[in-house]
Amino acid sequence: MTTQRAATREEEEHVAKFVRQLDLEPAGDDRFIGRADREHPEWNRVFGGLVLGQAAIAAGRTAPDPSMHSLHAYFLRGGTPDVPIEYKVERVRDGRTFTSRRVLASQNGVPICDSTMSFAHPEDGISHQDAMPDVPAPESLRDSRIEYPMEDGSLWPLGPVEWRVFVPYDYIAKPGEPATVHEWFRFRAPLPDDPVLHAAALSSCSDMGSLNGIERRYGWDGMSHHASASLDHAFWLHRPMRLDGWFLMVTDSPVAHAARALTLRQFYARDGTHIATMAQEAVVRRERSEAER
């Protein structure tokens, strides 16, 4: 197994900022406060993956066992950057094997995301999985921000996660080609040794680029970024995991109708172990013409 190269100071700072954003301030009575800084002046919505990650942290802080195995969430409204997010945890169930928590995220008293998390004590039982897709190793690819720069030739902003893909993100599958997106990813620096944080971080990553499968089928010409948004999100952790090293993310959109598209994702560790699965429905609308506005 390849050892991850040493991170630069800038990379460490971006990962540390990601960890700080997932962290929450206790506010008493199973309540927590999270924050979402405005990353870019033109962004006026909170990234849904950040809300998922913070909600997972809130639930994990109240669970007796940190082994989260599923998360189900409805995005009710777009969150506003620069406004604190309150997370109210409801202790739904504390069982011998399974623990359930409901987490309601609100801004200024208005709900923006309603989620439920389940935690499980480890136990022996059936175990199987399909094989990981046969894809080139991440070492044979380059960092996507370098391989596929912006139109003016400048690099995309550095973030906490490094992505390596086989074809550009804006590549549209040709007739007869599978419209599946394969991406290797890893955090640019190690995360702290906290199982709740690692589960929350992968929950957040599961929403990153979640419309890639739609883009592979249609491209973005004629589509409206402003009018496209996630509706609900389901995420399952099949095995205990740590976000150390490379992981493969496989994204596809098997069905869409009435401007609603389903995305399915599988996550594999470098050794081929299937560690997680995501399903999400999103509204994806076309740009309206001048006559329709």
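**Summary**

Helix H4 (residues 195–205) is mostly covered, with ten of its eleven residues buried. The model is predicted. Five aromatic pairs are counted.

- The buried residues of H4 are Val196, Leu197, His198, Ala199, Ala200, Ala201, Leu202, Ser203, Ser204 and Cys205.
- At the start of H4, the backbone nitrogen of valine 196 has a side-chain oxygen of aspartate 194 within 3.0 Å.
- Helix H2 (residues 48–62) is built of 15 residues and spans 22 Å from its first C-alpha to its last, close to the 21 Å expected at 1.5 Å a residue.
- H2 is likewise mostly covered, since 14 of its 15 residues are buried.

**Sheet architecture**

- Strand S2 (residues 31–34) pairs with strand S4 (residues 85–94) in the antiparallel sense over four bridges.
- Within that pairing, isoleucine 33 has glutamate 86 of S4 as its bridge partner.
- S4 also runs antiparallel to strand S5 (residues 98–107), to which eight bridges join it.
- Arginine 93 has serine 100 of S5 as its bridge partner.
- Strands of a sheet pair through backbone hydrogen bonds, in either a parallel or an antiparallel sense.

**Aromatic pairs**

- By the rule applied, the number of aromatic pairs comes to five.
- In the pair of phenylalanine 185 and phenylalanine 267, the ring centres are 6.2 Å apart and the planes stand at 85°, so the pair is edge-to-face.
- Phenylalanine 185 belongs to strand S8 (residues 181–187) and phenylalanine 267 to strand S11, so this pair ties together parts that are 82 residues apart in sequence.
- Phenylalanine 185 counts as buried because its relative accessibility is 0%.
- Phenylalanine 267 also has 0% relative accessibility and therefore counts as buried.
- Ring pairs link Trp163, Phe185, Phe235, Phe247 and Phe267 into a cluster.

**Threonine 263**

- Threonine 263 is placed in strand S11 (residues 260–269).
- With a relative accessible area of 1%, threonine 263 is buried.
- A polar atom of the threonine 263 side chain lies 3.2 Å from the backbone oxygen of serine 210.
- Apart from its neighbours within four places in sequence, threonine 263 is in contact with Ser210, Thr251, Asp252, Ser253, Met278, Ala279 and Gln280.

**Alanine 256**

- Alanine 256 lies in strand S10 (residues 247–257).
- Its relative accessible area of 40% makes alanine 256 partly exposed.
- The C-alpha atoms of alanine 256 and arginine 288 are separated by 19 Å, and the two residues are 32 residues apart along the chain.

**Cysteines**

- A disulfide is a covalent bond between the sulfur atoms of two cysteines.
- Cysteine 113 is in no disulfide, and the nearest cysteine sulfur, that of cysteine 205, is 17 Å away.
- For cysteine 205, the closest cysteine sulfur is that of cysteine 113 at 17 Å, which is too far for a bond, because a disulfide requires the sulfur atoms to lie within 2.5 Å.
- Cysteine 113 counts as buried, with 3% relative accessibility.
- Cysteine 205 counts as buried as well, with 0% relative accessibility, and is listed among the buried residues of H4.

Note on methods: Residues are numbered from 1 along each chain as its sequence is written. This is a predicted model: local features need pLDDT of at least 70, side-chain atom pairs count only at pLDDT 80 or more; totals for chains, interfaces and linings use all residues. Side-chain values use heavy atoms; hydrogens and water are left out. Buried means under 20% relative accessible area, exposed over 50%, partly exposed in between (1.4 Å probe, protein chains only). Helices (H or I, at least four residues) and strands (E, at least two) are DSSP runs, numbered from the N terminus. Two strands pair if DSSP finds at least two bridges between them. The expected span of a helix is 1.5 Å times one less than its number of residues. A polar contact is a pair of N or O atoms within 3.5 Å; within protein, one must be able to donate a hydrogen and the other to accept it, and residues adjacent in sequence count only if both atoms are side-chain atoms. Contact means heavy atoms within 4.5 Å. Rings of Phe, Tyr and Trp (its six-membered ring) pair if their centres lie within 6.5 Å; planes under 30 degrees apart count as stacked, over 60 as edge-to-face and the rest as tilted.
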